[in-house]
Each structure stands twice: as C-alpha cells, then as structure tokens.
Amino acid sequence: MKNLETYKEYEIEQWLEDADFVGWVKNPTGNAGAFFTSLMAKDAQLARRMAAAMQILQGIANNEPTLSDKSIEKMWENVRSETVDRRKKHRSINEWIRIGSIAASILLVIGFSSYFLFGLNNDIDYKTIVAKVSVDSVSEIKLLMPDKSQITLSNRTEVLLSNEGEITLKTSKGEHISLNISKLSEKHFGQLIVPKGKRASMIFADGSRVTVRPGSKVIFPTMFAQNERKIYVQGEAFLEVSKNKKRPFIVKTELMDVEVLGTSFDVSAYPGENEQSVVLVTGSVKVRSASSDETKIVPNQRYSFDKTSQMQSVNEVNVFPYISWKDGILSFNSENLGNVLKELSNYYGVEFEYKPNVLDEIHITGKLDLNNDVDNALKVIATISPINYKHMKKSIKIDVKP
C-alpha cells in the first residue's frame with residue numbers, strides 16, 4: 001500500500017483502480033481496514049473522494065438482471081390486475097414490497113446500488129456523478145431514486161412528479177401506477193436513464209416537461225429549490241418549461257449552463273461529441289459555457305460550443321430537423337448516410353456494419369417515420385439510395401449496390 005502523501009493526490013478514478021483499496025471495499029474486515037480507516041480520519045477531502053469511490057464499487061458489485069420489453073409489459077399487467085383486484089389506486093414502495101406474490105414480478109427492484117442512486121450534497125457535483133453512470137450500462141429504462149430503489153420502466157413510459165412526493169408512472173397503454181418518494185428535497189436526486197432503442201419523458205411538479213432522447217439521461221431533484229429549478233442532462237432532451245420569473249429553470253451539461261424562465265428548446269450534450277448545442281423554438285434562453293460570457297439566443301437560433309477550440313457560435317436555423325426526433329421523425333437535408341445510420345442506431349438500439357468511407361459519400365434528403373420498426377426505416381432509405389441491408393446475428397449489414 002502507498003503512503004498518505006501519495007493517496008492525498010488520488011482522484012476518484014485512481015481510487016477505483018487501486019487494487020488494495022478495491023480489495024478493502026470488497027472485504028472490509030481484511031488487514032487493510034485499519035490503514036484506510038485512518039486515512040479517512042486524517043483528511044476530510046480525501047475521505048469524501050474515498051467515500052464516493054466506495055459507493056461506486058459497491059454499486060458495481062450488484063449485477064442486476066436485464067429484462068425484455070415483453071417481460072416488463074407482463075409485470076405491468078400483473079401490477080394492473082393486482083391493483084384492480086384489491087381496489088386500491090395508490091401504493092407506496094414499501095406496500096408493494098409487502099405483497100409477496102407481486103414482489104417477484106413487479107418492475108420495482110430494490111437494492112443497494114449506490115453506483116446509480118444518490119442522496120446528493122454540496123460535496124458531490126453533477127459532473128462527478130454523471131461520469132460514473134453510463135447509459136450503456138443498462139438495457140431498459142431506469143428510474144433511480146435516492147431511497148435506493150430502482151424502477152424498471154416499460155418503453156415510452158411517462159414519469160410525473162408531484163409536490164406531495166408522489167410519482168405517477170403512465171405507460172404507453174394508458175395504465176397508471178402511483179408510488180411515494182421517501183426523500184423529498186432539493187438535495188436528494190434521482191435519475192431517468194433512457195438507453196438506446198427506448199423512449200421516455202418526465203413532467204415535473206411545476207408542469208415543465210422533458211422528453212428524453214434514446215441514449216440519454218436526466219438527473220433531477222425530487223423537489224425544486226425555492227429560488228431555482230435545476231436539472232442535469234447528458235445526451236439530448238427537448239424541454240418545454242413552465243414560466244416562472246421567480247424560479248428560473250437551469251439545465252446543466254458538461255460544458256454549458258442554460259437558463260430559461262419559460263420556453264421550449266432542445267439541448268444536445270453527448271459525452272463522446274466535441275460539440276454541445278442549444279436550439280431554441282420559443283421564448284429566450286441564456287447560455288453560459290465554461291470559457292465564455294453569457295449569450296442570449298432567440299427563436300430559430302442554434303447556440304453551439306466547441307470543446308476543442310473553446311469557441312462558441314450562434315446561427316439562424318430551421319429548428320424542425322433538430323427537434324423532430326421527439327415526435328418520432330428524423331429529418332435530413334443532404335445528410336451523409338453514415339450519420340443517418342448513427343441516428344438510427346441510437347434510436348432503435350441496433351448496430352450497423354458498414355464501411356464509413358463509402359457511405360459518407362452518399363447523401364440523402366427527406367424524413368423518416370421512426371414510430372415503426374427499423375426495417376421500415378431501412379426500406380425507405382433503400383428506395384432513395386443505392387444500398388442493400390441484411391440482418392446478421394448481432395447487427396445489420398449495409399452494402400452499397402454494385
């Protein structure tokens with residue numbers, strides 16, 4: 001084991017890679033216990049980083065099984081039937097657990113996965129948390145709450161939060177399930193994680209709505225603060241914000257803070273992309289990046305920030321191609337086919353096999369209706385571009401016609 005001076009320089013990532021520390025977390029009664037406990041007692045900042053790393057490692061140890069859409073729909077049917085039979089409209093999370101026959105089939109998964117779930121405080125910022133939770137680590141939509149409950153949602157579920165601490169889950173079939181939040185404050189956070197191929201939305205207690213694009217997530221407080229409404233977005237989301245001059249709505253990303261009073265806009269902030277952007281539909285927003293002053297944009301403008309150059313720009317745009325995804329439509333104007341397939345891969349959760357240098361030379365213009373399956377979209381593309389496609393075991397192979 002290393003000495004205190006070495007460990008004092010450790011960030012969370014380094015703690016996660018330290019074999020002695022990982023071994024201690026897995027076996028707290030081992031010989032390293034006294035050493036790491038004494039480290040935490042000597043340095044408060046060091047202790048906070050160690051505690052955060054411990055939470056992540058403890059969460060990783062919980063290997064949660066994945067569920068198919070069919071299994072989740074069956075669970076919802078069981079829940080609906082049980083609710084009707086017992087003539088009860090509302091149940092708390094604890095009440096569901098007490099129903100033994102339902103607990104085995106209900107979509108509620110109770111665990112200790114601090115890797116996903118947080119009761120945040122001022123010592124842990126959004127960026128630290130979001131860096132440790134990958135959208136790619138889950139295959140189904142997850143609603144993750146600070147009381148250490150994990151709720152697996154069926155596709156196209158809408159999540160509604162109330163000021164009274166109640167969550168209502170509305171499925172695409174119109175079914176409603178109500179659950180109670182045990183930790184209700186601006187310092188307790190949850191997450192809505194939407195993997196590729198899935199769709200979900202959230203309505204906050206103030207009426208503001210967030211439509212989350214596949215492959216994205218939103219970190220949100222269980223209750224907004226009195227002076228502001230703040231959430232964190234990684235990936236992409238379309239927001240329709242209820243107006244409240246006394247409580248501005250702030251969307252944070254890795255590189256930007258977007259402040260609004262009441263408006264509708266799209267924010268794009270994917271972790272693997274060099275550029276982050278805001279496209280404004282109605283109202284006005286103020287955007288502040290890490291290296292630039294505040295910039296105000298008006299409808300039909302797109303603000304972008306380049307991570308490499310640290311430069312920002314504002315351009316007039318047709319907003320439809322940027323926001324049509326929320327209605328299940330992808331709109332393209334002379335877009336290369338490689339980028340189109342990337343969009344389809346994200347939206348449907350499928351992998352494509354192709355030669356990028358060849359497909360990048362093919363450009364298409366038009367609209368794709370994504371409310372049908374991926375084959376429908378590919379059939380349309382195949383009629384307007386020289387390609388063939390074939391389903392493989394784990395991917396779809398795209399070839400250019402000779």
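1. Strand β24 (residues 396-400) runs parallel to β21, and two bridges join them. Glu353 has Lys397 of β24 as its bridge partner. Strands here are DSSP runs of E with at least two residues, helices runs of H or I with at least four, numbered from the N terminus. Pairing requires at least two DSSP bridges between two strands.

2. This is a predicted model; local features need pLDDT of at least 70, side-chain atom pairs count only at pLDDT 80 or more, and totals for chains, interfaces and linings use all residues. Residues are numbered from 1 along each chain as its sequence is written, and side-chain values use heavy atoms, with hydrogens and water left out.

3. The sheet is open, with three strands in the order β21-β24-β23 and mixed pairing. β21 (352-353) and β23 (387-391) each have a single partner strand, so one side of each lacks a neighbour in the sheet. Helix α13 packs on this sheet and touches β21, β23 and β24. Contact means heavy atoms within 4.5 Å.

4. Helix α11 (residues 337-348) packs against α13 (residues 374-384) at about 170°, with the axes 11 Å apart. Axes are lines fitted to C-alpha atoms, for helices over the stretch in contact; angles run from 0 to 180 degrees between N-to-C directions. The two helices are therefore roughly antiparallel (angles over 145 degrees). Leu337, Val340, Leu341, Leu344 and Tyr348 of α11 meet Val374, Ala377, Leu378 and Ile381 of α13.

5. Pro195 lies in the loop between β7 (189-194) and β8 (200-203). Pro195 is buried, at 3% relative accessibility (buried: under 20% relative accessible area, 1.4 Å probe, protein chains only). Its C-alpha is 4.4 Å from that of Gly215, 20 residues apart along the chain.

Note on methods: Buried < 20%, exposed > 50% of the residue type's maximum accessible area, 1.4 Å probe, protein only. Parallel < 35°, antiparallel > 145°, perpendicular 65-115°, else oblique.
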